[in-house]
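Thanks for making time this morning.

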Amino acid sequence: MSLINHLAAHRRAAGLTQAQLAEAIGVSRKTINTVENRVFIPSTLLALKLARHLDVSLHDLFELAPETATPEKDIT
Amino acid sequence: MISAQTLTIVRILAFALGGIICATYALAALAGVNPHQLPHWLPLATAIFIFVVFFIAALSAGKRNTNAALDESYQSDQKTAAGFGFWTALGTGTALWLLDIGGQMQLAITLTSASAMFFFCQVTLDLRGWK
């Protein structure tokens, strides 16, 4: 299951650069870049900080990719 | 005061230097079948130099910028790099033992190759989020 994130879109909508967002929440620009490019999955704490700073909900920033249908196991 | 970005650049350059020196030492020792092809104090001196450079840079950057440069993605990368270093040490040590190379040679090559792998991995992972 993969994580979809809309951080880049919300950051741009807020008129912030990666460096400005990083500075505001106290992480490196590299962290913001790798989160946006789905290289690094942030901790809950960092995700909440991002959401709070961008004034959006956590679910606006991150969501789970829909599961592909898998055949159910017969456990009887 | 230097920024978190500058501190990251200092870290990348210092680790790249450390990786080059450790890899050179390991290769020179292996090629010459002698752990003292280069001055034996060089890897340790490099490690101390990297520590001092980074310490001074961190002092100049201040607590907030230093914490930003050493944030959770850096810590995650460091664990990955340490893992690669560990497996390199294990692989190199075992390979040298199978080749009947032991003692100082085995220790010198194993430690420096593991350190080189750690440094190069760290640099590669640091550069991943650069663009």
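In this predicted model, the side chains of A:Lys30 and B:Asp77 meet in a salt bridge, with 2.2 Å from N to O, where a salt bridge is taken as a side-chain nitrogen of Lys or Arg within 4 Å of a carboxyl oxygen of Asp or Glu. Since A:Lys30 sits in helix H3 (residues 29-36) of chain A and B:Asp77 in helix H3 (residues 72-98) of chain B, the pair joins two chains; helices here are DSSP runs of H or I with at least four residues, numbered from the N terminus.

Before going on, the conventions: residues are numbered from 1 along each chain as its sequence is written, and chains are lettered from A and ligands numbered from 1 in the order in which they are written. Because this is a prediction, local features need pLDDT of at least 70 and side-chain atom pairs count only at pLDDT 80 or more, while totals for chains, interfaces and linings use all residues, and side-chain values use heavy atoms, with hydrogens and water left out.

Are the two partners buried or exposed? A:Lys30 is buried at a relative accessible area of 4%, and B:Asp77 is likewise buried at 3%, buried meaning under 20% relative accessible area with a 1.4 Å probe and protein chains only.

A:Lys30 also forms a salt bridge with B:Asp126, the closest N and O atoms being 3.3 Å apart, and this pair again crosses between chains, with B:Asp126 in helix H4 (residues 103-128) of chain B. B:Asp126 is buried too, at 1% relative accessibility.

B:Asp126 in turn forms a salt bridge with B:Arg11, with 2.8 Å between the closest N and O atoms. As B:Arg11 lies in helix H1 (residues 4-32) of chain B and B:Asp126 in helix H4 of chain B, the pair ties together parts that are 115 residues apart in sequence. B:Arg11 is buried at 2%, and salt bridges with shared partners join A:Lys30, B:Arg11, B:Asp77, B:Asp126 and B:Arg128 into one network. Over all chains, the structure holds five salt bridges.

Let me finish with the packing of H1(B), which meets helix H2 (residues 42-69) of chain B at an angle of about 165 degrees, with axes 9 Å apart; axes are lines fitted to C-alpha atoms over the stretch in contact, and angles run from 0 to 180 degrees between N-to-C directions. H1(B) and H2(B) are therefore roughly antiparallel, a label that applies to angles over 145 degrees.

Key: Buried < 20%, exposed > 50% of the residue type's maximum accessible area, 1.4 Å probe, protein only. Parallel < 35°, antiparallel > 145°, perpendicular 65-115°, else oblique.
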